[in-house]
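Subject: Structure for your review

Hello,

Here is the structure you will need, with the sequence alongside. Please look it over first; my notes follow below.

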Amino acid sequence: MAQDASRNPHGVPVRLSTPRIEALDYDKASPAEQAAIDVFGFPPPSLNIFTTIANAPEAAAPFMAWANYVMGKGTSLAPRVREIVILRIGALCQSGYEF
């Protein structure tokens with residue numbers, strides 16, 4: 001039986017028609033949410049990943065610390081290992097974005 005290309009082997013859609021968590025509109029965000037988006041250092045409009053994380057403002061700074069470690073030049077992860085980690089987490093989260 002052929003597998004539906006729009007779904008993964010577990011039947012979960014690879015591309016969702018709507019996001020699980022909506023990205024915030026900077027201009028409509030609360031001051032705390034705007035501050036969380038500003039932590040990332042990019043002027044609006046920011047990337048969706050940053051405006052989505054800002055839904056939980058208390059998570060923005062810890063996420064940035066983790067992201068800088070994983071993706072930054074000071075990481076102890078070899079580039080190949082880093083990519084494997086990213087792809088593995090994407091697979092575990094059933095993220096169509098990484099694939």
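The protein chain has four helices and zero strands, where helices (H or I, at least four residues) and strands (E, at least two) are DSSP runs, numbered from the N terminus. From the N terminus on, the order of elements is α-α-α-α. This is a predicted model, in which local features need pLDDT of at least 70 and side-chain atom pairs count only at pLDDT 80 or more, while totals for chains, interfaces and linings use all residues. Residues are numbered from 1 along each chain as its sequence is written, and side-chain values use heavy atoms, with hydrogens and water left out.

Overall figures

Of the 99 residues in the protein chain, 21% are buried. Buried means under 20% relative accessible area, exposed over 50%, and partly exposed in between (1.4 Å probe, protein chains only). The accessible surface of the chain comes to about 7400 Å², and 62% of that belongs to carbon and sulfur atoms. These areas come from the Shrake-Rupley method with a 1.4 Å probe; for residues, only the protein chains shown count as cover. Among contacts (heavy atoms within 4.5 Å) in the protein chain with a separation of 6 or more, 32% are between residues 24 or more positions apart.

Glu33, Ala36 and Ile37 are the buried residues in helix 1. They sit on the same side of helix 1 because they cover an arc of only 100 degrees around the axis, the arc being that of the directions from the helix axis to the C-beta atoms. In general, an α-helix has 3.6 residues a turn, so residues three or four places apart point the same way. The buried residues of helix 1 pack against helix 2 and helix 3.

Ile37 counts as buried because its relative accessibility is 1%. Not counting residues up to four places away in sequence, Ile37 touches Tyr26, Ser46, Phe50, Thr51 and Ala54. Leu24 is 13 residues from Ile37 in sequence, and the two are 9.2 Å apart in space, C-alpha to C-alpha.

The loop between helix 1 and helix 2 contains Pro45. Pro44 and Pro45 are joined by a cis peptide bond, with omega about 0 degrees.

Helix 2

Phe50 is in helix 2. Its relative accessible area is 10%, so Phe50 is buried. With residues up to four places away in sequence left out, Phe50 touches Ile37, Phe40 and Phe42. Val39 is 11 residues from Phe50 along the chain, and their C-alpha atoms are separated by 9.0 Å.

Helix 3

Helix 3 covers residues 57–71, 15 residues in total, and reaches 21 Å from its first C-alpha to its last, close to the 21 Å expected at 1.5 Å a residue. The expected span is 1.5 Å times one less than the number of residues in the helix. Ala60, Met64, Ala67 and Val70 are buried in helix 3. Its buried residues pack against helix 1 (31–38), helix 2 (48–53) and helix 4 (79–92).

Helix 4

Helix 4 has 14 residues and reaches 20 Å between its first and last C-alpha, close to the 20 Å expected at 1.5 Å a residue. A nonpolar patch on the surface is formed by Val81, Val85, Ile89 and Leu92, with about 330 Å² of accessible area together. Patches are made of residues with over 30% relative accessible area and no salt bridge; like charges are joined within 9 Å, and nonpolar side chains (Val, Leu, Ile, Met, Phe, Trp, Tyr) within 5 Å. A salt bridge is a side-chain nitrogen of Lys or Arg within 4 Å of a carboxyl oxygen of Asp or Glu. Ile89 lies in helix 4 and counts as partly exposed because its relative accessibility is 48%. Just after helix 4, Gln94 takes a positive phi of about 55 degrees.

Regards
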